[in-house]
Structure formats: C-alpha cells, structure tokens
Amino acid sequence: MIDVLIVGGGGAGLRAAIAVAETDPSLRVAVVSKVYPMRSHTVSAEGGAAAVIGAGDTLDEHCYDTISGGDWLCDQDAVEAFVSEAPKELIQLEHWGCPWSRESDGRVAVRPFGGMKKMRTWYAADKTGFHLLHTLFQTTLKYQDIIRYDEWYVTKLVVDDGRVHGVVAVEIRTGRVETIPARTVVLATGGCGKVFPFTTNAAIKTGDGMALAYREGAPLKDMEFVQYHPTGLPFTGILITEAARAEGGWLINKDGYRYLQDYDLGSPTPTPKLRSMELGPRDRLSQAFVHEQEKGRTVDTPYGPVVYLDLRHLGESKIDARIPFVRELCRSYQNLDPATDLIPVRPVAHYMMGGVHTDIDGATPIAGLFAAGETACVSINGANRLGSNSLPEILVFGRRAGIAAAAFARSHAGQAEASAVRAQGADERRRLERVRGGGGHGERIADLRERMQHTLEGAAGIYRAGDVLTKAVDTLADLGERAQEARVDDSSTAFNTELISLQELHAMLEIARTVVACALNRQESRGAHQRTDFTARDDETYLAHSLVHRAPDGSPSVGLLPVTITRWPPGERVYGRD
Ligand SMILES: Cc1cc2nc3c(=O)[nH]c(=O)nc-3n(C[C@H](O)[C@H](O)[C@H](O)COP(=O)(O)OP(=O)(O)OC[C@H]3O[C@@H](n4cnc5c(N)ncnc54)[C@H](O)[C@@H]3O)c2cc1C
C-alpha cells in the first residue's frame, strides 16, 4: 500500500515527494504523471521566483503587494505563511544545485516584476522553470524509494465514506488500467489554460486534478478569476516573459506610442511614470489592450489584433545576457530578431487563480486528499496573481502538502483495503473499456473542444457580461452532454491518445462550467474579473471567495466563503514601482 500518492510530476508534485521522503523515510511515496516529469509545465516558466532577499525589503511589503495585487481576495494567513517560507525554499533550491543568476559581487541577482514594489524576483536567466524543475527532479533521484508511474493518466479518485483510498490510472503505453490504493493522495496536476483557445499553457494543462476532486464532492474556489498575460506571440500563444518588460521593454501601439500612459494602472499617482508603467498589473495591462483595440490603435494581423513589444533600445548584449530565451523564441516562432525588430504581442490566457479549495496545509474537505500548486486554491493569488509568485507557491505549498499528507498517512496506518475500492476500480475499468471499444458515435472530440474554448473566450474573457454568461451556461451544459457521446475511432490499447483526449475534454468541460457559473454569480468587478454590467468592486457582498460544488445533476452550485483578513484591511488597489 502506498502511503502518499502524488498525482503530478511538476514543481509542486516533486517538492511534495521530497518533503515526504525527508520527513519519514519509512513511508512509501509514489509520483504518477501523465508526462515524463521534466516535461511538466513548470519547465516553461521563464521570468523568475519572488522571495524577499535583500536589505531594504521586508516580508510585510511582499505580503502587502500580494494582497493588494489580488484585490483583497487573498487569504492573508496563507499569504503570510507563503511570504515567510518562500526565501527558505529558494535558498534550499540553491543548496540542491539551482543555478540562480548572480550579481558581479556574487550575490543572488533579483529583477523587478509587475506589481512588486521592491526588486525580489530571483531568476536563472529567463529559463527559471527549467532550472527549478531540473533541480527538484535530480533531488528526487537521491531517494531511490520514490516510486514513479511515468506516463500514467489518472482518470478517477477512489473515495468512499468521505475518505480517499487511491486512484484509478491508465498506463498510456499499454492501455492497462489499474487501481493504485493509497492512504493519502496529493493532487499536483497544474492548471487548465486549455479551456481557452489562445493560451500560454502547454497542451497537457487540462484541469484534470480539479475535475477529479470536484466530481468526488470537493469544492473548487474562485474559478472566475482567469489571468490574461499581456504579451503572448500571436498564433502560437507562446509567452514573452514579463522579464522582457522588467529589463526595460516598452509596449507601443500602431503609432509607436507608449499607450499605457493613458490608462489608470492603479499606480499611486494617477498617471503612471514612464519608467514603471510596463510593469503595471497584468489584468490592467490586458484591459488597456482591449481599449486600444476599441480606439483603433492596434494592428490587425491574420491572428488577431496586436500591439508591439519594443526591446530594440536594450541592445544585443543585454538581451543575450538577461533574456536570451526571448530572442530564441522570437527567432524560432516569429522569424524576427528582437534586437532589431518589434515583437507583435496580444493578451493571452495564462493562469487560473482558482482551483481545489484547500486549507493552509493543502488539505481538502475529503479526508486524506490534499492539493498543491496551480491546481489548488489556498488562496494566495486572490483576484489576480502577481507574476513570479507561482514558482515559490509550488515550493512552499508542495512541501506543506507533503508534510501534512505524511502525517495523515502515519496516523491512518494499517488500514485494510476496502472492498468498495475494488468495486470502484472495476467500474472505472469497465467504463474506459467501453469508450475504447468504440462506444459513442457522435461528434468529434476536437470539434467539441473548439466549441467549448470559443464559448469560454466569448463569455469569460477579459471582460464579461451577465447576458453572455447566462447563454454560455446553457451552451456548456449542452456540450457536456454531447461529449458523453463523442466519437472514438481508435480502439487500440497502446498509446491510445484519443481515449486520453476524451477524458481531458470531460475534465475541461466540468471546469469551464464552473468558471462561467462563478463569473455569473459575482456581480462586481474585481481584479481579473471585470463585468461590464457591474463595474465597481463591492466589498459589502463580495469580499468573499466563490465556492462551487457539483450538484447531483452535474451542474455547478455556487456559494460564498468569507476571506481571511489578518492585518491588511481592504483598501484602494495601489500599484506601480513609482
Ligand atoms: C509559459 C509559462 C511561464 C510561466 N512563468 C512563470 C514565472 O516566470 N514565474 C512564476 O512564478 N510562474 C510562472 N508561470 C506559472 C507557473 O510556472 C505554474 O503555475 C507552475 O509551474 C505550476 O506548477 P505545478 O507543479 O502546479 O503544475 P505543472 O508543472 O503543470 O505539473 C502538473 C503535473 O501534473 C501531471 N498531471 C496532470 N493531470 C494528470 C493526470 N490526469 N494524471 C497523471 N498526471 C497528471 C502532469 O503530468 C504534470 O506532471 C508560468 C506559466 C507558464 C504557462
């Protein structure tokens, strides 16, 4: 019997695995991942990881930036724990071998980042996620006893009597379906940007973990808050990291004008200072793009309207030293050189602030089930996450969830495998075999996915309105039913990617419905959730998390949960590095 079974081999999952192995070497730990761990989305993070380091910065300031950045929807006890543990985690990574970039005198280098009033974003050039994940992966290899299920896809959590007992998973290479019994399960399955048509997220980010928990009765939290990143490459959606603006890049419209100076970015002074405006919060920058488009000041391309990111004045040597990957991406995917050319960019769906509702140790309301990383909502991101907070988040809360799961497994040792577990496993195997056997003669998976993505973009994009959201509720419910009958042509067992795609589509449809339901329920504008029919923030009613449960008929049922305020009462949202 596995003591701690971790679903996900990204940063949160691997950090949790190390925490368990270090806490109690006698526990049996396993990591299940639908891709080889180094291919998890964490690898693609570029810009950096925030943690207070130098003199002149304080933990309280990092807390305040995070809380005001999140438009007062963050739980402040979680933010305090996060901010105080983040520096220890980044130093720990250094000790495990992470090559943080350095100043010439040997100190760890930091760069500015959007919404952070002090320089506290550590980085490893602009391949921070690659080095971070590599460091964690190589560290897990020290612990020979960590069992790995690489390229296994989890389709179901086994839950009986309010307690988790393991998972059911398919080995993608062979099609073998197995029940893996476990005393505890940690979900570290990442985000679900793929519910949108245009996203920076890898194809594997389909919200599986959120759907697994939600189907078994665990609520999801704050699902309406979707972060658009202002600078994605048109067509591919590949991210041009905020580090490009942190290093001095400008955003200009079709007239070559730095248009952000015309907008209120929430900086302490009404007009942002020229040197800091490109580092305004991501939600405000993405909203400014929509207004530029309305004014006819964007440039039309076959892949939608764009503005330009201008790095030319930085010079070749700075670009190569600080943001070499930006140059590499532009050359490979856009056929241009940022040292001499303007980079076309447009806002792109990037990050879901919401996720599985957990406490500060990653525990969900289902006994023995924990969640950490992007799939969880602790919540430190509130209504709008600050860039570079997520990498330290996966470390801090990955570790916390690992330790809490280990404690749960120890105190529930020696429990026999329930017969209900075997029955649930057998049912799930039969269901998957039916699908693979060619069950379903309806529409194609890709067509349904595209409909879902466009419905979501239309209803729950940068701006939302009640009537459009109401329509989307029905459209998505209908798509959910049609997906049950989706056509599956491939009946083979080896690498049946069609079977996996269908499970991912089911998961995404569950998530898409919660996003729209929560967005409809929240009749105010806050952070990344902007309603054209309710334009003001309403603390009286909505200084609260959205908590969404799955009703017996499969529809989302939304309620509110108070936000934890410790030391920072709600105030004006003030930003900018003035
Ligand atoms: C392009 C890009 C750049 C970013 N840059 C930054 C940055 O500079 N700074 C920052 O702080 N944040 C950044 N972020 C955000 C940050 O990288 C992520 O939030 C974070 O890495 C997520 O880590 P995770 O461990 O939660 O999930 P992931 O790294 O996404 O890992 C998820 C894991 O779950 C597994 N999995 C999922 N479903 C299943 C299933 N059904 N069965 C089995 N396994 C499953 C996957 O195989 C994978 O191993 C960026 C994000 C993107 C997309």
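The structure holds 0 disulfides, a disulfide being a pair of cysteine sulfur atoms within 2.5 Å. This is a predicted model, in which local features need pLDDT of at least 70 and side-chain atom pairs count only at pLDDT 80 or more, while totals for chains, interfaces and linings use all residues. Residues are numbered from 1 along each chain as its sequence is written, and side-chain values use heavy atoms, with hydrogens and water left out. Cys63 is in no disulfide, the nearest cysteine sulfur being that of Cys74, 9.8 Å away; at 2% relative accessibility, Cys63 counts as buried (buried means under 20% relative accessible area, exposed over 50%, and partly exposed in between, with a 1.4 Å probe and protein chains only). Cys192 is likewise in no disulfide, with the sulfur of Cys518, the nearest from a cysteine, 12 Å away, and Cys192 is buried at 0% relative accessibility.

Turning to the rings, the structure holds 9 aromatic pairs, where rings of Phe, Tyr and Trp (its six-membered ring) pair if their centres lie within 6.5 Å, and planes under 30 degrees apart count as stacked, over 60 as edge-to-face and the rest as tilted. One of these pairs is formed by Tyr36 and Phe137, edge-to-face at 5.6 Å centre to centre with 75 degrees between the planes. This pair links distant parts of the chain, 101 residues apart, since Tyr36 lies in the loop between strand S2 (29-33) and strand S3 (49-50) and Phe137 in helix H4 (residues 128-140); helices (H or I, at least four residues) and strands (E, at least two) are DSSP runs, numbered from the N terminus. Tyr36 is partly exposed, with a relative accessible area of 37%, whereas Phe137 is buried at 9%.

Phe196 and Tyr228 also form an edge-to-face pair, at 6.1 Å centre to centre and 80 degrees between the planes. Here Phe196, in the loop between strand S9 (177-187) and helix H5 (208-215), is linked with Tyr228 in strand S11 (residues 226-232), 32 residues apart, and both Phe196 and Tyr228 are buried.

Charges also meet rings: the charged end of Arg346 sits over the ring of Phe198, 4.2 Å from its centre, which is to say that NZ of Lys or CZ of Arg is within 6 Å of the ring centre and within 35 degrees of the ring normal. The charged end of Arg385 sits over the ring of Tyr351, 4.2 Å from the ring centre.
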